[in-house]
Amino acid sequence: MFANADLRGNFGMIKRAYLFSGQGSQYPGMGRDIVGSDAVAAATFAEASEALGLDVEALCFDSSAEELAQTANTQPAILTYSVALYRAWTARTGIAPDVAAGHSLGEISALTAAGVLPFADAVRLARRRGQLMQEAVPAGRGLMLAVQTRDHTTVQELCERAADDTHEVVSISNYNSNTQVVVAGGRSAVLAVQDKLDAADIRSVLLNVSVPFHCALMEDVVEPLREELGRIILSEPAFPVLSNVTGRPYGSAADVTGLLTRQVVEPVRWTDDLRHLRMNGVTFAVEFGPGDTLTKFMRHTYSDIRSFSLDKPEGRRDVERMIERTTYPFVPRALGMAVATRNTNPDNAAYTAGVIEPYQRIRRLGAELEREGRTPTPDEARTILALLLTIFRTKGVSQAEQDERVEELIRDTRTAEIFADVDVTGL
């Protein structure tokens, strides 16, 4: 349904957003528990190791913080762990996102989850991206500064003044939340911004990174990264993925190379991504990757969208409980759809036989299930779906709308397994 990822006509149905972590969230040992307990996650790490020719498990589990923080190591490590979590989660729950977004590096993870980038290619791309970024600015020449303020305009003005004073590059590199932006650039310029922030009593802290990401100092990365992307066969996204550059969904796979290369020199507009989710009906988000940074950004920006990190077992339990509480019961959802569709059939006898009687049968079955305190068996669920389709056909509902309604019913009631082998057109 979301092959073109522009969301028009479909965004009213969106509820689930999947978020993918960016660089800076890594820690030694990340992924150890999920790899030890889940075969899908373990296979993902093995695939990454084969693609890179190095032991990614050892990199994530046994490296020192300093070794893991080297950009060429960090990026493939985080991508591998994020995709492993995503694959394990979807294999266990069968729940696909309505939309996805990733923070900086996480955008590559999101595109991989959506099927745009083959996983092995994505891991190699992340490794090369990290190497190029590390090489773009000599060690010690650049800095990044996290600034805690809602006054983003003032921070930008201070960057412009510092750039004029020092003749170095400095700009906002990340709009992370309503309360945080990050400044990146040459060392002297960033320190000058920090001095001005201190004088204005605005809190800031230097980040423990060796490379100033998402600013003009990354210009040398653009063309080599474009060449790397040119070697990868890209597919259309299975679900919408938001761009950090535009704050909007990718229109197609053809946009990937241009937007991912622009992303390394332009600021990460994460607040625009979050605004897009909120304006288009997202009710909860799940974060894939190390830590809970994106969950915190969501809380500080749009606290009405519940967000859960899957990095720790307790986070996984919390989101599973929430999903159980918010899953629609199958029979009431089917009855609601039966009523909501427009009737174009003027034949009263046909309407009675094909709409009223099937509707009453669904209601009677629902009442029986309620008395017995149980959910429908697979056979009962298939019967209900067949009756619902009879109602749709009698009303003259188009095939396209029927397909959309059935997809919505199965998704909202989490009954994909029941209908996995069923040809609904034959019901």
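Predicted model: local features only at pLDDT ≥ 70, side-chain atom pairs only at ≥ 80, totals over all residues.

Trainee: Okay. How many aromatic pairs does a search of the whole structure find?
Mentor: The search finds 6 aromatic pairs. Take F20 and F288, a stacked pair. Their centres are 5.3 Å apart, with 20 degrees between the planes.

Trainee: Which strands do F20 and F288 lie in?
Mentor: F20 lies in strand β1, residues 16-20. F288 lies in strand β7, residues 284-288. So the pair ties together parts that are 268 residues apart in sequence.

Trainee: Is F20 buried or exposed?
Mentor: F20 counts as buried, because its relative accessibility is 0%. F288 also counts as buried, at 0% relative accessibility.

Trainee: And F45 with F61, what kind of pair do they form?
Mentor: A tilted one. The distance is 5.8 Å centre to centre, and the planes are 35 degrees apart.

Trainee: Where do F45 and F61 sit in the chain?
Mentor: F45 is in helix α2 (residues 39-52) and F61 is in helix α3 (residues 56-62). They are 16 residues apart, and the pair links distant parts of the chain.

Trainee: Buried or exposed, F61?
Mentor: F61 is buried, with a relative accessible area of 12%.

Trainee: What lies over the face of F119?
Mentor: R87 does, at 4.7 Å from the ring centre.

Trainee: Switching topic. How much space lies in the largest pocket?
Mentor: About 930 Å³. It is lined by 43 residues.

Trainee: Which of them are closest to its centre?
Mentor: Q23, G24, S25, L207 and V209.

Trainee: Which element gives the most to the lining?
Mentor: Helix α13 does, with 5 residues. Several elements supply at least two residues each, among them α5 (71-93), α7 (119-136) and β4 (170-177).

Trainee: How do the lining residues divide into nonpolar, polar and charged?
Mentor: There are 17 nonpolar, 22 polar and 4 charged.

Trainee: Now the single residues. Where is F419 found?
Mentor: F419 is in the segment after α18, which spans 399-413. It counts as buried, at 6% relative accessibility.

Trainee: What does F419 touch, leaving out residues up to four places away in sequence?
Mentor: F330, A381, R382, L385 and I410. Look at R382: it is 37 residues from F419 in sequence. In space, the two are 7.6 Å apart, C-alpha to C-alpha.

Trainee: Last one, D311. Which loop does D311 lie in?
Mentor: The loop between β8 (306-309) and α14 (313-326).

Trainee: Is D311 buried or exposed?
Mentor: D311 counts as buried, at 3% relative accessibility. The cut-off for buried is under 20%.

Trainee: And what does D311 touch, again leaving out residues up to four places away?
Mentor: Y27, D33, Y81, L85, G289, P290, G291 and R316.

Trainee: How far is D311 from M30?
Mentor: Their C-alpha atoms are separated by 8.1 Å. Along the chain, D311 and M30 are 281 residues apart.

Terms used: Residues numbered from 1 in each chain as written. Heavy atoms only, no water. Phe/Tyr/Trp six-rings, centres within 6.5 Å; stacked < 30°, edge-to-face > 60°. Helix = DSSP H or I, 4+ residues; strand = E, 2+ residues; numbered from the N terminus. Buried < 20%, exposed > 50% of the residue type's maximum accessible area, 1.4 Å probe, protein only. Lys NZ or Arg CZ within 6 Å of the ring centre and 35° of its normal. 1 Å grid on protein atoms, 1.4 Å probe; cavity = no way out; pocket = protein on both sides within 12 Å on 5 of 7 lines; lining within 4 Å. Points joined across faces, edges and corners; volume = space filled by probe spheres on them. Nonpolar A, V, L, I, M, F, W, Y, C, P; charged D, E, K, R; others polar. Contact = heavy atoms within 4.5 Å.
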